[in-house]
Amino acid sequence: MKDSQSCVDLHHTLSTIFGFDEFRDGQLSVIENIVAGKDALVLLPTGGGKSLCYQLPAIAMPGTAVVVSPLISLMQDQVEQVNELGVKAAFINSSQAQEQQQHTYDLLNNGQLDLLYVSPEKLLQHSFLKLLSNLTVSLFAIDEAHCVSHWGHDFRADYRQLYQLKQRFPDVPVVGLTATADRTTQADIVAQLGLNDPFVHKGSFDRPNIRYRVVQKYKAFEQVAQYIDEQDGSGIIYCNSRAKVDDLTQKLQKRGLRCASYHAGMESEERAWVQRQFLTDSIQVVIATVAFGMGINKSNVRFVVHHDVPRSIESYYQETGRAGRDGLPSEALLLFDEKDAARVRQWIEQGENEERLALCLQKFAAMESFGDALTCRRQVLLNYFSELTHTHCGNCDICLDPPKMIDGLVLAQKVLSCILRLQQSATAQYVIDILRGRQHKKLDPAHFELSTYGIGKAHSDAYWHSIINQLIHKGLLRVDIEAHAVLRITEGARPVLKGETQLQIATPRLDVKSNKKSESK
Ligand code: ADP
Ligand code: ZN
């Protein structure tokens, strides 16, 4: 097909309608396959140019392309954009007035639309499917196709019904598009949509302009506040609960930051307002749950902070991916703490059914290993998405400031013996208070007499938190979430306590400020 007239046409359409000189990597093959009537699966990161993969065939092929999109705001944006290019496009969803819908139906019936955006529930209405079956549909594009999969990070029940399309319209090509790349989800999309030997294009998921950083979380609010003080640009702070979102917003507002909350517990008008304020730079920072995501089309987000560890690498990748869509240097900062991790693991264990449990735990384990990694973060991320790479990126905390390994035996012994003397019934902070020789009313005065009292004065709280975390990663300690997150010693700690082994640990990474060396005091 390469030299045929149609390939020339495709280029022509690209330049005359879209104003682009060249296809990006993969776009042309996807488009050629769709035009040839084949199903396709397009996996490209956010900003990778997915829309063109169905918009151009929509123009090039006879009939109307039907695009399924989960969010009204997304549809609206897209329709406005292509209308501006002179493409005949419209959307239909239940939020519209009857008249408006009727107008679109008229255009559709008269064959005057190249592109029609619909919500899945609208599309799947019996009457709507019937209407379509009397028209020429050029293709179906399923945007955010991972919503079809339980294994994706944003499952939507309506999407599950989309298998009907292939059954009812076996000859119309279906293209699924997503920025989620892991293999399980990918296979599930193909299965759920009933794609027939699809052409698969997977682009690179690397976002080279995003600098990935992980910092030991120890005093989250102070750390976030300090970080924000350094930032001029827009940013998003993700938290794991609505309560935390609201609490953090309040505290940051008190410090004079132009910021607002965004979560599913808020009225939709209020959410829309926040989104607008953010888009127009009237507020600098949005503090949000995962509800703030899809459809946030702001190109100049300079930083994304994870106040809490996400449940999977996909979520982390999606959320951090909202930074730097304009290609300019941006940062993703994760505040990581073992106690948080243990809590998330517990949520997963309690909240997931048997079918999903193992997979969710596995996904979370991958997220944790990203946080724990002492190798290039980008490598961990890309390798997770099966984009094997062996080169160091030079733009993550590990590459920029490689961890220095130190002899950690004595440090570990101090921690472990302190925990033993506290009868393994103290939290990390309590253990640290005793190690550092503190006195306050929450501490049992009997513990001031312990031989380990005050033996850790030389280091900061944050330093000890990092050491404790590393001992947890190494399996010498575990957090007992059932018992108020107290620290328990494992069998593996015995040789360390007895001094029968060596123990290397990394110097703690504590500073939220960019490009600074870790604190060692
Ligand atoms: P995605 O849906 O994958 O997040 P978009 O389809 O919104 O990404 O595309 C991201 C940006 O890239 C848009 O501004 C789009 O106009 C631009 N773009 C897409 N394809 C090309 C191309 N071939 N040449 C130049 N820019 C492109
Ligand atoms: Zn790196």
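Ligand 1 is surrounded by Phe20, Phe23, Arg24, Gln27, Leu44, Thr46, Gly47, Gly48, Gly49, Lys50, Ser51 and Leu52. The structure described here is a predicted model. Sorted by class, the shell around ligand 1 consists of 4 nonpolar, 6 polar and 2 charged residues. Helix 3 supplies the largest share of this shell, with 3 residues. Helix 3, which spans residues 50–60, is also one of the elements against which the buried residues of helix 4 pack.

Helix 4 comprises 13 residues, 72–84. From its first C-alpha to its last, helix 4 reaches 18 Å, close to the 18 Å expected at 1.5 Å a residue. Met75, Gln78 and Val82 are buried in this helix. These three residues lie on the same side of helix 4, because the arc they cover around the axis is only 70°. Their packing partners are helix 3, strand 3 (89–92) and strand 4 (115–118). Glu80 and Glu84, by contrast, are exposed on the other side of helix 4. The helix is followed by glycine 86, which has a positive phi, near 90°.

Glutamine 96 counts as partly exposed because it has 15 C-beta neighbours inside 10 Å, whereas 20 or more would be required for a buried residue and 12 or fewer for an exposed one. Between glutamine 96 and histidine 126 the separation is 30 residues in sequence and 19 Å in space, taken from C-alpha to C-alpha.

Val274, Gln275 and Phe278 are the buried residues of helix 13. Since they cover an arc of only 100° around the axis, they are placed on the same side of helix 13. The elements covering these buried residues include strand 9 (234–238), strand 10 (259–262) and strand 11 (285–288). The other side of helix 13 carries the exposed residues Glu269, Ala272 and Arg276. Just after helix 13, aspartate 281 adopts a positive phi of about 60°.

Terms used
Residues are numbered from 1 along each chain as its sequence is written. Chains are lettered from A and ligands numbered from 1 in the order in which they are written. This is a predicted model: local features need pLDDT of at least 70, side-chain atom pairs count only at pLDDT 80 or more; totals for chains, interfaces and linings use all residues. Helices (H or I, at least four residues) and strands (E, at least two) are DSSP runs, numbered from the N terminus. The expected span of a helix is 1.5 Å times one less than its number of residues. The arc is that of the directions from the helix axis to the C-beta atoms. Two residues are in contact if their C-beta atoms, placed from the backbone, lie within 7 Å. A residue is near a molecule or strand if its C-beta atom, placed from the backbone, lies within 6 Å of it. Ala, Val, Leu, Ile, Met, Phe, Trp, Tyr, Cys and Pro count as nonpolar, Asp, Glu, Lys and Arg as charged, and the others, Gly among them, as polar.
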